[in-house]
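Q: Could you show me how to read the aromatic rings in a protein model, starting with the general idea and then turning to the case shown here?

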Amino acid sequence: MKPKGLLYIEIAETLKKDILEGIYPVGTQIPTENELEVKFSVSKITVRKAIEILANEGYLEKKSGKGTTVLSDRLFNKLSKAASFSAMIEERGHHLSKEILAIEKIKTNSTTPEIAAAFGKEAYKLTRLYRLDYEPYIYFEHYLPVLGDESSLEQMEKLSLYKWLASYQKVVGKFQDTFAVAPAEAAIQKLLNTQSPYLLKRIRTSYSQSEEIIEISHAQYDTDKFPYLIEYEI
């Protein structure tokens with residue numbers, strides 16, 4: 001059981017999921033504080049803290065005497081000032097597509113200690129290949145909690161990984177990315193159709209608002225084809 005102090009975070013994640021799924025469309029109002037108190041069996045203070053989180057993230061706007069209105073149903077609002085890497089690629093006239101190579105339920109004792117510690121004895125492993133202008137560009141290995149049926153991951157051909165997580169109330173609160181230049185394994189070189197002896201490796205750890213790890217992804221980029229860009233709004 002989670003500490004009571006985290007109830008407002010759980011409520012915020014539930015409301016955010018409902019917003020993302022269109023239960024509360026943009027421009028409409030969410031239930032009143034009194035209604036949310038009854039629905040979640042919590043105090044008014046807990047409800048207000050949950051609403052404050054979503055207001056700070058840009059999802060809700062609260063006006064005294066007028067209720068709380070949904071402002072946005074975008075998955076990430078104020079999570080980061082960094083622009084999406086895939087969006088930057090497409091803005092520069094390139095085409096980015098993705099292909100699922102494998103979907104597996106794995107025993108985590110065959111992985112790194114970090115993955116085992118995050119997900120317990122089992123995890124889903126989703127392997128994908130991203131193509132830049134139809135040429136192989138990024139090799140991904142995503143490690144995810146076991147949620148729903150394994151076949152639900154087949155949606156990743158079209159659905160965002162983070163929307164899949166959100167559908168199970170695993171809403172991203174923050175990312176942590178680490179980068180390194182790593183020697184290229186022969187199998188990855190073949191998949192990426194590159195002779196480069198080194199690739200850019202990015203490890204992303206995604207956390208929910210309650211600090212639970214909900215994703216660990218290992219990505220290897222052939223930056224000879226396109227550099228990794230980070231662009232910030234000021």
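**Reading aromatic pairs**

A: The count comes to ten aromatic pairs, where rings of Phe, Tyr and Trp (its six-membered ring) pair if their centres lie within 6.5 Å, and planes under 30 degrees apart count as stacked, over 60 as edge-to-face and the rest as tilted. This is a predicted model, in which local features need pLDDT of at least 70 and side-chain atom pairs count only at pLDDT 80 or more, while totals for chains, interfaces and linings use all residues. Residues are numbered from 1 along each chain as its sequence is written, and side-chain values use heavy atoms, with hydrogens and water left out.

Q: How is the pair of phenylalanine 85 and tyrosine 228 described?

A: A pair of aromatic rings is described by the distance of the centres and the angle of the planes. Phenylalanine 85 and tyrosine 228 are stacked, at 4.5 Å centre to centre and with 15° between the planes. Phenylalanine 85 lies in helix H4 (residues 85-91) and tyrosine 228 in the segment after strand E8 (213-221), so the pair ties together parts that are 143 residues apart in sequence; helices (H or I, at least four residues) and strands (E, at least two) are DSSP runs, numbered from the N terminus.

Q: Which residues do ring pairs link into a cluster?

A: The cluster consists of Phe85, Tyr130, Tyr137, Phe140, Phe179, Tyr221, Phe226 and Tyr228.

Q: Which ring does the charged end of arginine 204 sit over?

A: A charge sits over a ring if NZ of Lys or CZ of Arg is within 6 Å of the ring centre and within 35 degrees of the ring normal. The charged end of arginine 204 sits over the ring of phenylalanine 175, 4.1 Å from its centre, and that of lysine 49 sits over the ring of tyrosine 8, 5.3 Å from its centre.
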